Amino acid sequence: MPTTVDIDNDLLDAYSRAVVTAVDDVSPAVAQIRARANRARGDRSGQASGSGSGFVIAPDGLIVTNSHVVEGAAHVEVALQDGRTLDAEVVGDDPATDLAVLRVSAGGLPVARLGDSSAVRVGQVAIAIGNPYGFDCSVTSG
């Protein structure tokens, strides 16, 4: 007869497999976003920079990121998981929802499949996959 520890271990293993599967499915479409903006006069460096994560939503180069990542950017570049770094153009920006859409000149990109947010329930486990610091991927869940 299984013990409580055995049942807990089985549940944790199933949870871990679910997270690993999600990372395997989505991580090829995750990108690091790097934005540079000219700073105000008097600043010695002349440029401000920031970074964040995004994900490819169309194989022809559309990428979703946060509006605050590209806000005021004079130049945006995207680092893809395959090692390429591409210049990006901001084609949509909605600060109210903190979403922005970028376009890169590339084709055949891996795409993150979007889910149906109306099916999500309070208390469900969420998995966040990103690349804000240039690592292969960062993952958190809970």
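Author: Ser67 counts as buried because its relative accessibility is 3%; buried means under 20% relative accessible area, exposed means over 50%, and partly exposed is in between, with a 1.4 Å probe and protein chains only. The model is a predicted one: local features need pLDDT of at least 70 and side-chain atom pairs count only at pLDDT 80 or more, while totals for chains, interfaces and linings use all residues. Residues are numbered from 1 along each chain as its sequence is written, and side-chain values use heavy atoms, with hydrogens and water left out.

Ser67 belongs to helix α2, which covers residues 67–70. Helices (H or I, at least four residues) and strands (E, at least two) are DSSP runs numbered from the N terminus. If residues up to four places away in sequence are set aside, Ser67 touches Asp93, Asp94, Pro95, Asp98, Leu99 and Ala100, where a contact means heavy atoms within 4.5 Å.

Asp98 sits in the loop between β5 (85–94) and β6. Its phi is near 55°, a positive value in a residue that is not glycine. At 23% relative accessibility, Asp98 counts as partly exposed.

Gly72 is exposed, since its relative accessible area is 60%. The C-alpha atom of Gly72 is 6.0 Å from that of Ala37, although 35 residues separate the two along the chain.

The next stop is strand β4, where Glu77 is found. With a relative accessible area of 17%, Glu77 is buried. Apart from neighbours within four places in sequence, Glu77 is in contact with Gln32, Ile33, Arg34, Arg36, Thr85, Leu86, Asp87 and Ala88. With Arg34, Glu77 forms a salt bridge whose closest N and O atoms are 3.0 Å apart; a salt bridge is a side-chain nitrogen of Lys or Arg within 4 Å of a carboxyl oxygen of Asp or Glu. Arg34 counts as partly exposed, because its relative accessibility is 28%.

How many salt bridges does a search of the whole structure find? The count is 3. Arg103 and Asp60 make one of them, with the closest N and O atoms 3.8 Å apart. Arg103 is in strand β6 (residues 99–104) and Asp60 is in the loop between β2 and β3, so this pair also joins distant parts of the chain, 43 residues apart. Arg103 has a relative accessible area of 34% and is partly exposed; Asp60, at 42%, counts as partly exposed too. Another salt bridge joins the side chains of Arg84 and Asp82, at 2.8 Å from N to O. Arg84 is partly exposed, at 34% relative accessibility.

Now for the empty space. Rolling a probe the size of a water molecule over the atoms shows where such space is left. The largest pocket has a volume of about 1,000 Å³. On a 1 Å grid over the protein atoms alone, a pocket is an open set of points where a 1.4 Å probe fits, with protein on both sides within 12 Å along at least five of seven lines, and lining residues have an atom within 4 Å of a point. The volume is the space filled by probe spheres set on the points, which are joined across faces, edges and corners. The lining of this largest pocket has 29 residues, and those closest to its centre are Val26, Arg113, Gly115, Ile127 and Ile129. Two or more lining residues come from each of α1 (4–26), β2 (47–58), β3 (62–65) and β7 (127–130). By type, the lining divides into 17 nonpolar, 9 polar and 3 charged residues. Ala, Val, Leu, Ile, Met, Phe, Trp, Tyr, Cys and Pro count as nonpolar, Asp, Glu, Lys and Arg as charged, and the others, including Gly, as polar.

Last, the whole chain. It has 2 helices and 8 strands, in the order α-β-β-β-α-β-β-β-β-β along the sequence. The C-alpha trace spans about 70 × 35 × 30 Å along its principal axes. Of the 142 residues, 27% count as buried.
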